[in-house]
Amino acid sequence: MACLSPSQLQKFQEDGFLVLEGFLSAEECVAMQQRIGKIVAEMDVPPHCRTEFSTHEEEQLQAQGSTDYFLSSGDKIRFFFEKGVFDEKGNFLVPPEKSINKIGHALHAHDPIFRSITHSPKVQALARSLGLQMPVVVQSMYIFKQPHIGGEGGVSRRMVRAPAGSAPGTSFLGSEPAWDSSLFVPTPVQKGALVLIHGEVVHKSKQNLSDCSRQAYTFHLMEASGTTWSPENWLQPTAELPFPPLYT
């Protein structure tokens, strides 16, 4: 089980994040990596769906928000690519397994390996120790952080859906403060660690300049008790996939 100790809970409440080393076993990490390898090997991405993923606002609006592929990915397993991995004809310039930025946004619902990790007893125990009454899984992503080309995870504003029929398909609400880089806390972790992050904590990931990928599986939880999911949010539950309860 993975219940937080009183001191861990206090640290999370004070800092807004908490590192739990060794949360996942080596076997669980290998199982996820092997499953992702199979998913990538079997992917069939139509040329018109080869959407580049960028964290720079204008490119993000153009490459993501204006495409149905992104906006309708909340209940599917879809592929989003690094910049510059296709030629002008849409052919891969690098091996396909090195081209992907992330896979999203419903691995937790449609893949048995990721479903079992997401709903594992230790994740449920962790959520209960945080006091969550009715947590639901909103989305999940497998982030690759490819060596040398792994895109920088920027600090973004709130991305919302634009009115139906307008272009681009999303817009940003609010303004982006000029964050003091010295205030960010470097948090290196070992393979198998869990990084627990409060939804209001500003976080980012710098470009991967190493020779190794820096892969991560991430999923987002929302307390469904007494809350309403904004209809403005870009990702929406669907009839096919309502947000699944975490507790089983």
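Where does lysine 145 lie? Lysine 145 sits in the loop that runs between strand 4 (135–143) and strand 5 (158–161).

Hi everyone, a quick word on the basis of this. It is a predicted model, where local features need pLDDT of at least 70, side-chain atom pairs count only at pLDDT 80 or more, and totals for chains, interfaces and linings use all residues. Residues are numbered from 1 along each chain as its sequence is written, and side-chain values use heavy atoms, with hydrogens and water left out.

Now the overall picture. The protein has seven helices and eight strands; these are DSSP runs, H or I of at least four residues for helices and E of at least two for strands, numbered from the N terminus. Of its 248 residues, 39% are buried, meaning under 20% relative accessible area with a 1.4 Å probe, protein chains only. Among contacts (heavy atoms within 4.5 Å) between residues at least 6 apart in sequence, 76% join residues at least 24 apart.

Back to lysine 145. Beyond its neighbours within four places in sequence, lysine 145 has contacts including Asn101, Glu152, Lys206 and Arg214.

Last stop, helix 7. Residues 121–129 form this helix, and seven of the nine are buried, among them Lys122, Gln124 and Leu126. Just after helix 7 comes glycine 131, with a positive phi of about 85°. Thanks, all!

Note on methods: Buried < 20%, exposed > 50% of the residue type's maximum accessible area, 1.4 Å probe, protein only.
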